[in-house]
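Colleague: I am new to this structure and would like to learn how to read its features. Please show me the model, and then take me through it.

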Amino acid sequence: RGGGSAEDLKTQFRGKGLTHLLVREQLLRRFLADNLSPREKMIWDSFATRYLIRDFSERGYTLYQIHD
């Protein structure tokens with residue numbers, strides 16, 4: 001929350017020193033559906049499409065690299 005664009009989200013993650021995200025896909029989908037407004041969901045989707053690369057996925061968990 002708080003990011004106005006996909007670029008802002010990337011900057012916020014990078015500003016916290018994050019280079020990767022490890023997520024449980026089912027929980028992430030539920031969180032996004034239950035907690036984000038349609039606009040925030042659109043921003044997340046844009047961020048995920050533009051800046052996340054799936055490095056590894058197994059047993060419902062996925063490791064994403066945040067790239068430039």
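Modeller: Three strands make up an open sheet, ordered 1-3-2, with antiparallel pairing. Strand 1 (20-24) and strand 2 (52-58) are at the edges with a single partner strand each, so one side of each has no neighbour in the sheet. From one strand to the next the twist averages 20°. This is a predicted model, where local features need pLDDT of at least 70 and side-chain atom pairs count only at pLDDT 80 or more, while totals for chains, interfaces and linings use all residues. Residues are numbered from 1 along each chain as its sequence is written, and side-chain values use heavy atoms, leaving out hydrogens and water.

Colleague: When do two strands pair, and how many bridges join strand 2 to strand 3?

Modeller: Two strands pair if DSSP finds at least two bridges between them. Strands here are DSSP runs of E with at least two residues, helices are runs of H or I with at least four, and both are numbered from the N terminus. Strand 2 and strand 3 (residues 61-66) run antiparallel and are joined by six bridges. Phe 56 is opposite Leu 63 in strand 3.

Colleague: Which strands does helix 2 touch?

Modeller: Contact means heavy atoms within 4.5 Å. Angles run from 0 to 180 degrees between N-to-C directions, and axes are lines fitted to C-alpha atoms, for helices over the stretch in contact. Helix 2 (residues 25-35) packs on the sheet and touches strand 1 and strand 3, its direction making about 90° with that of strand 1. Helix 3 lies across strand 1, strand 2 and strand 3, at about 85° to strand 2.

Colleague: At what angle do the axes of helix 1 and helix 3 cross?

Modeller: Angles under 35 degrees count as roughly parallel, over 145 as roughly antiparallel, 65 to 115 as roughly perpendicular, and the rest as oblique. The axes of helix 1 (residues 6-15) and helix 3 (residues 38-51) cross at roughly 70° and come within 8 Å. The two helices are therefore roughly perpendicular to each other. Helix 1 contributes Ala 6, Glu 7, Leu 9, Lys 10 and Phe 13 to the contact, and helix 3 contributes Ile 43, Trp 44, Ser 46, Phe 47, Arg 50 and Tyr 51.

Colleague: Is Trp 44 buried or exposed?

Modeller: Buried means under 20% relative accessible area, exposed over 50%, and partly exposed in between, with a 1.4 Å probe and protein chains only. Trp 44, in helix 3, has a relative accessible area of 13% and is therefore buried. Not counting residues up to four places away in sequence, Trp 44 touches Leu 9, Phe 13, Leu 21, Leu 28, Leu 32, Leu 36 and Leu 52.
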